[in-house]
Amino acid sequence: MLYRLVTLLLFISTSAVADPLAMQEVAEGVFIHQGAHEEMNEGYHGDIANIGFVVGKDAVAVIDTGGSKQVGDRLREAIVKVTALPIRFVINTHIHPDHVFGNAAFVQDKPEFIGHAKLGDAMELRRDIYIKNNTDILGNAFAGSELIKPTKPVSDTLEIDLGGRKLRLKAWSTAHTNTDLTVFDDTTSTLWTGDLLFVERTPAMDGDTRNWLKLIPQLKAIPAKLAVPGHGAVTPQWQAAFDKQQHYFEVILADIRASIAKGIVMEKTMDSAAASEKNNWVLFNSVNRRNINLLYPQLEWE
Amino acid sequence: MRNTRLILVALALSFLTMANTASAEANPELWSVLKQSFFGSKNIEPADFMKLDGPKRAESGAQVPITLTISKPQDAPDAIKKVYLFVDANPIPLAATYYFTPLNGKVELATRIRMEVDSYIHAVGETADGKLYSTDVAIRAAGGCGGGVDGDETAIRAASGKMKVHVDAPVKFGEPTPVTFLIKHPMFTGLQRDLVSGGYKPAFFMHKVAFTYSGKPVMQVEFGVAVAEDPYMRFSYLPEGPGTLEVSATDNEGKTFTHQLEVTN
């Protein structure tokens, strides 16, 4: 009886068909869904990051899964519409909730979950807070969401084969977060930057911005024709997008350092630093203030 | 005994916090429990001469800037000599206790705290004869207490205790002089996960900080773990003439650090 009930429940949960996400094939076999530019604490629906998949001859690799199992389910439906090939790899570009909570939708495919070597620990440390906050914000739409840790951690580089198509993964030192990973598709020279690159949306800081700034020249040297940023439009002008982001970093760091030197307190600096960048970005006021709140106490010790 | 009391308060509050999760706003009901456990049935009068300022919504729960202002001067006969600062909804609500002296002039003290969820912040001021006054502010915030500790703990411990003390120039003797104080410290809350042991990292925090000017007490502070990492304070004092501003800081493991600053004009 219990067995039959469990089977029935399993049947219901796996057969519930989610509404497939709208995808765009930005290069041959490279599909992305562009998230909306919404605030995390106001009007967030779990679908703000760029997520997608790459199709080879033998297998599919998912790159980031969205902010809830629901979004992950919808991504999975979109994959099933395009190909019957098995989903063998689920790659997370970093720890942030809008990129990882959809992992739960892919457990049924028994893929290799791949992430930065520090991703498993980061998930463990942030689990309680992330689940609490996202449950508060998303309510029922967060049901079933889980942090699924990497089964294959990447400490430096990793190559995976989708059948006639190789993806090159690279783990970076602490920049946007301490778990940043990029994915390069050899076949189309498409670079998935994760949140190491923000397009349109104000870059959000969490890890080590001074190191992030140092890494930009290395990131720009990658021989990519096209980049999928963590947020914002996919672009062939991705090196210029890195330049724009670098400019924002230089301005915010310089303005905060000047404030500290003049004895202007953090509260006041939050109203003023990087104000000249205001019209260049979306969601600037809230994200920029948060960045200053993070950076100012770090820069006080320089 | 004190620990038991804190744990009981934390438990009582956590039930109230749970009951309140549906509405993500500061819960005004927590204060009556907290007030009862710290001050019993003593009367606490709302005071218009005390004020707390902070952001309506904190950008980061890990470093929430707040400012306490007391318009009644420290040399008044009914001056506020001691202030308790509470973050009502934090797992350990008592954030800090401040002991002021006439050398503080009029109190305007800025600091940065941790907030786990939306909460009221209460400041309770006590006069020399034990009268209690209070003020509060509601702040929306998230996730400042249990967050991940990343990095090499040996290095973090080696760096802790380093201070930066700065006095705004030019100094005018006999007038309020702003002091900026920073001390390097991880302020482990005891609520952060320890992946090695599988449990929680024990609390490790800067506990007592005392400021003197040429040997005279200026201000003493007892920090709790709701004070943000690398504790920060900005406050004023009245230097009568040239002298030495000395800080002595002791952590909860009994280790003491000192720092001297020569003040001239």
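Visitor: Which residues does B:Ile44 touch, not counting residues up to four places away in sequence?
Guide: This is a predicted model, and contacts in it are judged by C-beta atoms within 7 Å. B:Ile44 itself is found in strand 1 of chain B, residues 44–46. Leaving out residues up to four places away in sequence, its partners are B:Lys35, B:Phe39, B:Val124, B:Leu132, B:Tyr133 and B:Ser134.

Visitor: How far apart in space are B:Ile44 and B:Thr135, C-alpha to C-alpha?
Guide: In sequence, 91 residues separate B:Ile44 and B:Thr135. In space, taken C-alpha to C-alpha, the separation is 9.9 Å.

Visitor: Is B:Ile44 buried, exposed or partly exposed?
Guide: A residue is buried with 20 or more other C-beta atoms within 10 Å, and exposed with 12 or fewer. B:Ile44 has 17 such neighbours, so the class is partly exposed.

Visitor: Why is strand 3 of chain B described as largely enclosed?
Guide: Strand 3 of chain B covers residues 64–70. The strand is largely enclosed by the rest of the structure because the buried residues number 5 of the 7.

Visitor: How many bridges join strand 3 of chain B to strand 6 of chain B?
Guide: Strand 6 of chain B covers residues 108–113 and runs antiparallel to strand 3 of chain B. In this pairing, B:Thr69 stands opposite B:Glu108. The number of bridges between the two strands is 6.

Visitor: How many charged residues are on the side of chain B that touches chain A?
Guide: The contact takes 21 residues from chain A and 20 residues from chain B. By class, the chain B side has 6 nonpolar and 7 polar residues, and its charged residues number 7.

Visitor: What is the radius of gyration of chain A?
Guide: The C-alpha trace of chain A spans about 70 × 45 × 30 Å along its principal axes. For 302 residues, a compact globule would have a radius of gyration near 19 Å. The value for chain A agrees with this, at 20 Å.

Visitor: What percentage of the residues in chain A are buried?
Guide: The secondary structure of chain A comes to 8 helices and 12 strands. Among contacts in chain A with a separation of 6 or more, 68% are between residues 24 or more positions apart. Of the 302 residues in chain A, the buried share is 49%.

Notes. Residues numbered from 1 in each chain as written. Chains lettered and ligands numbered in written order. Predicted model: local features only at pLDDT ≥ 70, side-chain atom pairs only at ≥ 80, totals over all residues. Helix = DSSP H or I, 4+ residues; strand = E, 2+ residues; numbered from the N terminus. Contact = placed C-beta atoms within 7 Å. Nonpolar A, V, L, I, M, F, W, Y, C, P; charged D, E, K, R; others polar. Rg over C-alpha atoms; globule rule 2.2 N^0.38 Å. Pairing = 2+ DSSP bridges.
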